Amino acid sequence: MSTIADRRIEDAGLEAGIARLTPEKIKKTIEAVLAGECGARLKTYIETCVRCGMCAKACHYYMSHKDPSYAPVGKVKQTMWEIINKKGDVTPEFIHQCAQVAYTECNLCRRCMHYCPLGIDTAYIMSVVRRICHKLGVTPQYIQDTAHSHSATMNQMWVKDDEWIDTLFWQEDEARDEMPNLRIPLDKEGADFMYSVIAPEPKFRTQLIYQAAYIFNAAGLNWTMPSFPGWDNSNMAMFTGDSEIMARIERQHFEAAQRLRVKRIVMGECGHAFRAVYDMGNRWLGWKWHPVPVVHSIEFFWELLTSGKIKIAQKYPGPVTVHDPCNTIRGRGLMDKLREVVNMICDGIVEMHPNREHNYCCCAGGGVINCGPPFKNVRIVGNKIKAEQLKATGVKTCVAPCHNCHGGLDDIIHKFDVGMELKFLGDIIYQCMEKPEAE
Amino acid sequence: MNQLYDLAVGPLTWLAIGVFVIGSLYRLAAMYAMAKKKDGPYLTYMSWRFSLRSIMHWITPFGSLGWKENPALTIVTFIFHICLILVPIFLMSHIVLWDQFKGISYPALPDGAADLMSVAVILACLYFIWRRVSDPTVKFVTSCQDWTVLILVLLTFCTGFLSYHQIGSSLVMTTLHILCGEAMLIAIPFTRLSHMIFGLFTRAYIGSEFGNVRKARDW
Amino acid sequence: MLKKSLMLLAVAAVSLCFFGPAAFSQEDMKNVPNEVFGAPRRPAAVFPHDAHNEKAQIEDCAVCHHGGKDGKMDKEDMTAGTACVECHPVAGAPGQTSLMRAFHKQCVGCHLERKAGPVACGQCHVNK
Ligand code: HEM
Ligand code: HEM
Ligand code: SF4
Ligand code: SF4
């Protein structure tokens with residue numbers, strides 16, 4: 001049996017963070033967070049947990065390592081219980097351990113809620129631990145950099161305002177080779193929807209913007225993208241525990257949509273961004289629901305395909321398997337629509353088991369992949385269970401409508417020799433749809 | 001000994017029931033007030049329909065993923081909890097005391113059935129104890145309090161069983177039993193046993209959040 | 001020597017507790033008759049009438065064999081010879097003291113009051 005202390009990982013952000021801590025500062029910060037931001041939820045979760053261990057089997061980390069210190073309740077024991085029992089009198093080294101557990105050994109995937117008879121939200125408890133670490137300035141360096149970027153530029157990847165517009169022009173230009181009158185309409189007031197993406201798309205995956213623009217143009221939709229900050233729907237501050245920046249980002253995103261007076265926001269194929277917009281930002285900002293309706297790509301493609309705005313010329317060959325991203329499935333219940341879309345565009349599905357709401361996480365989400373190279377190995381080894389699931393399907397293609405999932409699955413596919421290609425819905429739709437020019 | 005019995009069966013019983021009832025109500029009220037003050041956004045998602053939907057699935061044996069994946073524990077814990085709640089309420093010996101001291105009387109379980117159920121609870125406690133020492137995950141998270149409440153339940157049922165079967169001195173055993181039962185009642189609002197009071201609400205909240213916001217099952 | 005005699009005394013005391021009631025009881029009454037209950041769920045309560053009264057120094061029959069009217073107990077009214085069940089039916093109607101309740105209150109109540117005598121279930125309902 002090991003504990004977090006036995007697998008300490010050096011990270012520049014964490015080391016620098018704990019070097020600045022004093023016991024007084026730790027205690028004061030913890031008390032401030034517990035008394036100021038936490039209430040009945042945390043209290044009942046800590047108190048009513050009967051320590052039955054049923055949640056262990058929920059967590060892919062536990063299932064992969066079979067070590068109690070990776071079980072959801074084991075993580076809470078090593079962090080929150082200790083913090084509360086000691087009333088905040090903990091050492092800087094202990095804070096390092098809390099950060100390592102909360103940022104890099106929990107994807108906030110919420111699978112454990114399907115296992116806990118008392119409905120204890122371990123993901124929430126881990127978020128509170130992150131919040132404390134954030135306030136103490138003990139955050140992994142890589143993810144903190146993305147949060148800094150958010151705070152300075154309102155996007156995750158230090159994309160400058162002109163670079164953003166440039167990138168869109170560039171993709172528009174490229175796509176016009178294929179569809180001569182294609183447009184990526186910027187700042188079009190009163191459009192039916194605003195399309196927002198995560199900053200890694202303009203940075204590394206411009207092809208996805210190209211594809212989306214192509215699909216929307218082919219379907220003849222009235223859409224727009226903002227040329228100004230608010231275009232990035234991702235939110236790493238949500239994962240570092242920086243609720244203030246998290247809320248600023250969400251406000252900016254909603255305000256962009258309001259400024260353009262669009263009817264709704266359509267979000268690209270990203271899970272965590274959807275969580276931020278759909279579930280987190282509005283609460284912190286004091287809105288019960290969203291000031292502008294939000295729709296994830298899964299649902300939007302479903303609309304386009306069922307209404308016949310997009311037609312599939314030839315289905316994608318061979319059966320595929322479907323990965324259910326936590327944030328749109330456990331987070332928004334899109335499992336049926338996802339399968340309907342995949343069935344409309346692909347030649348049959350071979351399901352993984354367990355699937356749908358019970359699906360194992362990709363192990364990249366919750367900001368874990370964003371914590372970068374120091375923690376990469378734990379993350380990949382910690383998801384052997386998912387690799388086995390993928391292998392068991394025996395198919396060559398996995399559809400995963402989420403950026404993070406692509407990152408996580410890509411890593412385990414290589415590490416465990418799964419031999420599978422990964423696809424976004426957009427990839428397949430773009431490839432298989434009836435293309436106007438082809439007529 | 002008679003005096004101790006008198007104390008246990010009289011004033012201490014009322015004290016225990018009072019602490020249990022008032023303590024539980026107080027804790028619920030205080031928690032609700034705190035939730036209103038600090039967890040407002042979360043309270044707004046509460047929904048009767050989704051709360052009950054979730055609770056119904058979770059009070060059904062094997063009605064949820066968690067139960068299905070832990071079959072042995074599921075069987076034991078359902079038997080344990082059902083007997084744990086039914087026996088003290090419908091045990092003839094208990095009803096006789098209500099009748100004697102308060103003139104309250106209602107139908108009782110047959111003695112044989114109640115005895116079997118008591119044995120079931122004792123065996124379930126032994127199973128829980130075995131899990132706590134042998135299952136590495138459970139062992140890792142077990143603390144003193146988990147042992148205390150488990151032993152308290154076990155002692156209450158053991159002493160009850162022994163006094164019913166008149167093993168050992170009736171007076172001593174029955175007095176011990178009553179004291180244990182009272183300790184257990186008093187412990188409910190203030191220890192891990194408070195899952196009895198809060199458990200339905202934590203489940204109801206997650207049920208509401210999954211049903212209302214996330215449009216997904218939580219079982 | 002002292003130790004030995006103390007031991008003897010203790011043994012004597014314990015055996016008195018166990019066998020005493022049987023040894024002193026009158027042959028005609030060892031238990032409270034429980035046939036009226038039909039199918040009683042506990043053994044008949046141990047009650048050696050004469051020995052009990054001698055030990056408890058009860059001379060006045062009305063201490064137990066009381067009378068009463070309209071739900072009020074009358075300690076002056078001596079009712080020995082009348083079966084308890086005549087006033088305390090097995091299934092007591094609301095406002096009435098049922099037979100079982102009457103026995104429990106009468107016996108256990110007095111034992112608690114005097115801080116002597118059996119009070120726990122198994123002390124009276126001794127399993128055979
Ligand atoms: C909630 C706490 C309690 C529980 C779970 C509990 C449980 C039990 C059990 C399991 C038995 C034995 C049944 C059998 O084996 O057939 C029993 C017997 C008994 N209990 Fe309790 N009990 C509790 C509290 C109390 C209290 C507070 C009192 C008194 C005020 C009491 C008085 C008795 C008596 C008099 C017996 C009968 C013993 C006999 O038949 O000789 N119990 N109880
Ligand atoms: C009425 C509502 C109650 C509910 C919904 C409930 C639910 C649960 C659940 C889900 C567990 C975890 C599964 C397990 O480990 O067996 C548990 C464990 C436990 N419950 Fe309850 N319970 C209730 C009442 C009580 C009461 C009244 C007591 C005792 C006074 C009690 C004593 C225990 C104990 C001792 C355990 C821990 C078993 C272990 O050590 O693993 N429960 N309960
Ligand atoms: S990774 Fe998922 S299953 Fe594991 S503790 Fe975190 S939220 Fe629970
Ligand atoms: S399943 Fe729930 S109650 Fe049991 S140990 Fe895990 S968090 Fe605690």
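Which residue of β2(A) is the bridge partner of A:Phe193? Before I answer, please keep in mind that this is a predicted model, in which local features need pLDDT of at least 70, side-chain atom pairs count only at pLDDT 80 or more, and totals for chains, interfaces and linings use all residues. Residues are numbered from 1 along each chain as its sequence is written, while chains are lettered from A and ligands numbered from 1 in the order in which they are written.

The partner is A:Trp223, and strand β2 (residues 223-224) of chain A runs parallel to β1(A), joined to it by 2 bridges. Strands here are DSSP runs of E with at least two residues, helices are runs of H or I with at least four, and both are numbered from the N terminus; two strands pair if DSSP finds at least two bridges between them. β1(A) also pairs in the parallel sense with strand β3 (residues 264-267) over 4 bridges, and there A:Met194 has A:Ile265 as its partner.

Within β1 (residues 193-196), A:Phe193 and A:Tyr195 point one way, A:Met194 and A:Ser196 point the other way, and all are buried, which means that 20 or more other C-beta atoms, placed from the backbone, lie within 10 Å of their own.

Turning to the ligands, 15 residues surround ligand 3, with A:Cys59, A:Pro72, A:Cys106, A:Cys109 and A:Cys112 the closest, where a residue is counted if its C-beta atom, placed from the backbone, lies within 6 Å of the molecule. The elements giving two or more residues to this shell are α5 (72-85) and α7 (122-135) of chain A.

Around ligand 4 there are 13 residues, and among the nearest are A:Cys49, A:Cys52 and A:Cys55.

Conventions: A residue is buried if 20 or more other C-beta atoms lie within 10 Å of its own, exposed if 12 or fewer, and partly exposed in between; C-beta atoms are placed from the backbone.
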